[in-house]
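Let's take a friendly walk through this protein, one element at a time. Have the sequence and the 3D view at hand as you read.

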Amino acid sequence: MKMQSDLGRVRGLGSAKSGASHWWTQRVTAMANLPLGIWFIISILAGHTANYNAVQAWLSSYFHSTMMILMIVSVAVHTTHGLQVVIEDYVHNRKAEMISLMLIKAVAAFLSVAAIVSVLRIVFAGA
C-alpha cells in the first residue's frame with residue numbers, strides 16, 4: 001500500500017502539452033507534401049532529369065530550386081515526426097527510445113542540410 005494521492009501517482013504521466021502541435025505539424029507537412037510530390041513527379045515525367053546537364057539546367061531555375069528545398073524540409077519534418085510517434089509508441093526502454101529519437105533527428109538534419117547545400121551549389125555555383 002502506497003501513501004500517495006491519485007494526483008501524485010499520475011503526475012508526470014499526462015500530456016506534455018505538445019501533442020496538438022505535433023499532430024498539426026504532421027497534418028500540415030502531409031498536405032504540403034502532396035502538391036510538392038505532384039510537382040516532383042510531373043517534373044521527372046517531363047524528362048527534366050534525363051541526364052546530369054538536364055538536371056543542372058532544371059534545378060538552376062529559382063522556382064524549381066525553391067520547390068526542391070521546400071520539399072526537402074517538408075519531407076524531413078514529416079518523416080522525423082512520423083518516426084518519433086512510432087518510436088514513442090513501440091520502444092519501451094527509455095534509454096533506447098531517447099537514443100533512437102536523437103539518432104533519427106541527427107540523421108534527418110544531416111541529410112536535409114546536405115541536400116539543401118547540394119541544391120544551392122547547383123543554383124549558385126552551377127556545378
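## Ground rules

A residue is called buried when its relative accessible area is under 20%, exposed when over 50%, and partly exposed in between, using a 1.4 Å probe and protein chains only. Asn33, at 19% relative accessibility, therefore counts as buried.

Please keep in mind that this is a predicted model, in which local features need pLDDT of at least 70 and side-chain atom pairs count only at pLDDT 80 or more, while totals for chains, interfaces and linings use all residues. Residues are numbered from 1 along each chain as its sequence is written, and side-chain values use heavy atoms, with hydrogens and water left out.

## The overall picture

The protein has five helices and zero strands, and its pattern along the sequence reads α-α-α-α-α. Helices here are DSSP runs of H or I with at least four residues, strands are runs of E with at least two, and both are numbered from the N terminus.

Of the 127 residues, 24% count as buried. A contact means heavy atoms within 4.5 Å. Among the contacts with a separation of 6 or more, 71% are between residues 24 or more positions apart.

Helix 2 covers residues 19–45. The expected span of a helix is 1.5 Å times one less than its number of residues.

Which residues of helix 2 are buried? They are His22, Gln26, Thr29, Asn33, Leu36, Trp39 and Ser43. These buried residues pack against helix 3 and helix 4.

## Where helix 2 meets helix 4

Two packed helices are described by the angle between their axes and the distance between the axes. Helix 2 and helix 4 pack at an angle of about 140 degrees, with their axes 8 Å apart. That angle makes helix 2 oblique to helix 4. Angles under 35 degrees count as roughly parallel, over 145 as roughly antiparallel, 65 to 115 as roughly perpendicular, and the rest as oblique. The axes are lines fitted to C-alpha atoms, for helices over the stretch in contact, and angles run from 0 to 180 degrees between N-to-C directions. The crossing of helix 2 and helix 4 is left-handed, a term for a near helix turned anticlockwise from the far one by less than a right angle, with clockwise being right-handed.

Now for some individual residues. Asn33 sits in helix 2, and its side chain makes a polar contact with that of Ser74, at 2.6 Å. A polar contact is a pair of N or O atoms within 3.5 Å; within protein, one must be able to donate a hydrogen and the other to accept it, and residues adjacent in sequence count only if both atoms are side-chain atoms. Leaving out residues up to four places away in sequence, Asn33 touches Ser74, Val75 and His78. Leu36, also in helix 2, is buried with a relative accessible area of 8%. With residues up to four places away set aside, Leu36 touches Met67, Leu70, Met71 and Ser74. One of these, Leu70, lies in helix 4 and is partly exposed, with a relative accessible area of 46%.

Helix 5 runs over residues 94–125; its 32 residues should span 46 Å, and its end C-alpha atoms are 45 Å apart, which agrees. What caps the N-terminal end of helix 5? Asn93 does, with a side-chain oxygen 2.9 Å from the backbone nitrogen of Lys95.

The buried residues of helix 5 are Glu97, Leu101, Ile104, Ala108, Ser112, Val119, Ile122 and Val123. They pack against helix 3 (52–59) and helix 4 (62–90). Tyr62, a residue of helix 4, is in contact with Val123 and Phe124, leaving aside its neighbours within four places in sequence. Is Tyr62 buried or exposed? At 56% relative accessibility, Tyr62 counts as exposed. Tyr62 and Phe124 are 62 residues apart in sequence, and their C-alpha atoms are 10.0 Å apart in space.
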